[in-house]
Amino acid sequence: MGGSRLIIEKFGNITDNSVVGLRAPYLRVGGNHQFTMMEEQAFLYDSSITAPLQNPPLWPYTMYFRMPHKCHGNLQNCPTRSHAVWELVMNELDRREDPTIDEDLPGCAMVDSCSNIIGGDQFYNFLTHNFYRHFDQNRAPLGLFFHAAWLKNNPEYLDAFLYWVDEVLENHPETYFVTQTQVIQWIQNPVSIEAANNFAPWQEKCAPGPRERCLVANSCKLDTPELPGEALRMHTCMRCPNKYPWLNDPTGDGINF
């Protein structure tokens, strides 16, 4: 994952050291090896561990101490030692269509893995119910995790999501949509509702301006000794590397680390 960050920073031209967290591929937690690596590579947080559906939901926690829930999932490998890493735990979401009915349905950590969501109205109801599960109980941060393609390929879901966001902000001005890092910053230095609007770490806004450079990215046809015989295509606004960035050579210089 340290190599992945290096690839993202170099070929995405990210120069502000803002890549400070990670999620394990397919949510397969890497145990003590993963968290030791994160300490060595100065990662701030992980967001790969799932907590089973429960009321109230969990707040983020550090790995200095034992996890406040069981290691959830099939054959998961959760850390068993102390690590100086935050865990932005993935609280499973309640996907019951009628929350008033005591139906024994497993939760889902990724929104787009809730296979029973098949329409915009249903998605809106799902978001509203889970928001109030968090808001009315202990106000643990509500993590909304899904792949961008899920919304892009389902315009009805995107419309429902944007409508829900506007409604939440209008009805609950004490609610904020923030990044994982900003959640940790508030936990480390909490302020009152009255002061939250001027909380310094939350003042940075994501407002990209018009693209003035790199209107057409470089299309780099590359290979790597790690995948012999394969021609790989990479698009970047930076200069094409000598080799395809991969294991042992994340910078693509053709020099193994």
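I will start with charge: the chain carries 19 positive and 30 negative side chains, and the centres of the two sets are 9 Å apart. Lys and Arg count as positive, Asp and Glu as negative, with His and the chain ends not counted; each charge is placed at NZ of Lys, CZ of Arg, CG of Asp or CD of Glu.

This is a predicted model, where local features need pLDDT of at least 70 and side-chain atom pairs count only at pLDDT 80 or more, while totals for chains, interfaces and linings use all residues. Residues are numbered from 1 along each chain as its sequence is written, and side-chain values use heavy atoms, leaving out hydrogens and water.

Next, the chain as a whole. There are 7 helices and 8 strands, taken as DSSP runs numbered from the N terminus (helices H or I, at least four residues; strands E, at least two). Of the 257 residues, 39% count as buried, that is, under 20% relative accessible area with a 1.4 Å probe, protein chains only; exposed is over 50%, and partly exposed lies in between.

H5 covers residues 155-171. Which residues of H5 are buried? They are Tyr-157, Ala-160, Phe-161, Trp-164, Val-165 and Val-168. These sit on the same side of H5, because they cover an arc of only 135 degrees around the axis, judged by directions from the helix axis to the C-beta atoms. The face turned away carries the exposed residues Pro-155, Asp-159, Tyr-163, Asp-166 and Glu-170. Helices H3 (120-135) and H4 (148-152) are included in what covers the buried residues, with contact meaning heavy atoms within 4.5 Å.

Conventions: Expected span 1.5 Å × (residues − 1).
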